[in-house]
Amino acid sequence: MMKANGYIDLLIPRGGARLIQAVVQNATIPVIETGTGNCHVYVDQSADLKMAVDIVDNGKTSRPSVCNAVETCLVHKSVAEKFLPMLKERLDLHNVEIRGDEITAYILGKENVTPADEDDYATEFLDYIIAIRVVDDFAQALEHIEKYSTGHSECIVTESLFAATEFQKRVDAAAVYVNCSTRFTDGDMFGLGAEIGISTQKLHARGPMGLTEMTTTKYLVMGDGQIRE
């Protein structure tokens, strides 16, 4: 199928990252890259912390095996000492493994945190595992997301209108959320009907795709002898 030029117009691979990359790298017909979701929630210094716990918990534990699940939580250093124990208490209800940086381990106790490495921040776990990093500021959160995001769904929890608008402008992803779960990235939730996939590329469809996103334009032109000069 990947080389059926002239017979197939488009391939939309659905499955794991290895399958998707194999199709993207080997197909000679157009492909829409879908699915892989290394999604983040950034808890800003002005965040409602209870709301942030609810959002991270929903994003991680409601259905961890899907592409819109949260894989990494970034926490502003000014709220980390208060927020992280709240989050751990909630995640413990689902036996979520925490992989965190040194500050996270210091706050939660080294016995409760597996040291995180580069691979952890780059991994789509699809499991009851979450990576956590404490960041110095908004800019460092953006840098982390730019480095590790797969362009699927990203979220900020904040009470700052400036931080919210800057996050949505500067984060390059198909869906960028303020104060709500990444789990909403779904064709049905977006009112598109049956979902064909979630595109993480920019041409031509991006984000959740329904039948409309799969259509192209055909021009039917009726004339009466017109010619072009």
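The largest pocket of this predicted model holds about 320 Å³ of space. A pocket is an open set of points, on a 1 Å grid over the protein atoms alone, with protein on both sides within 12 Å along at least five of seven lines, and lining residues have an atom within 4 Å of a point. The lining comprises 22 residues, and Arg14, Val66, Cys67, Asn68 and Ile198 lie nearest the centre of the pocket. By class, the lining residues are seven nonpolar, nine polar and six charged. Helix H1 (17-26) and strand S8 each contribute at least two residues to this lining.

The protein chain contains seven helices and nine strands, taken as DSSP runs (helices H or I, at least four residues; strands E, at least two). The C-alpha atoms occupy a box of roughly 80 × 40 × 30 Å along the principal axes. Of the 229 residues, 47% are buried, that is, under 20% relative accessible area with a 1.4 Å probe.

Phe184, Met189 and Phe190 form a nonpolar surface patch of about 300 Å². Such patches join nonpolar side chains within 5 Å, from residues with over 30% relative accessible area and no salt bridge. Phe184 is located in the loop between strand S7 (175-178) and strand S8 (197-199). Phe184 counts as partly exposed because its relative accessibility is 40%, a class that lies between buried and exposed (over 50%).

Residues are numbered from 1 along each chain as its sequence is written. In this predicted model, local features need pLDDT of at least 70 and side-chain atom pairs count only at pLDDT 80 or more, while totals for chains, interfaces and linings use all residues, and side-chain values use heavy atoms, with hydrogens and water left out.

Conventions. Patch = residues over 30% accessible without salt bridge, like charges linked within 9 Å, V, L, I, M, F, W, Y side chains within 5 Å. Areas by Shrake-Rupley, 256 points an atom, 1.4 Å probe, with all protein chains shown as cover. Salt bridge = Lys/Arg side-chain N within 4 Å of Asp/Glu carboxyl O. 1 Å grid on protein atoms, 1.4 Å probe; cavity = no way out; pocket = protein on both sides within 12 Å on 5 of 7 lines; lining within 4 Å. Points joined across faces, edges and corners; volume = space filled by probe spheres on them. Nonpolar A, V, L, I, M, F, W, Y, C, P; charged D, E, K, R; others polar.
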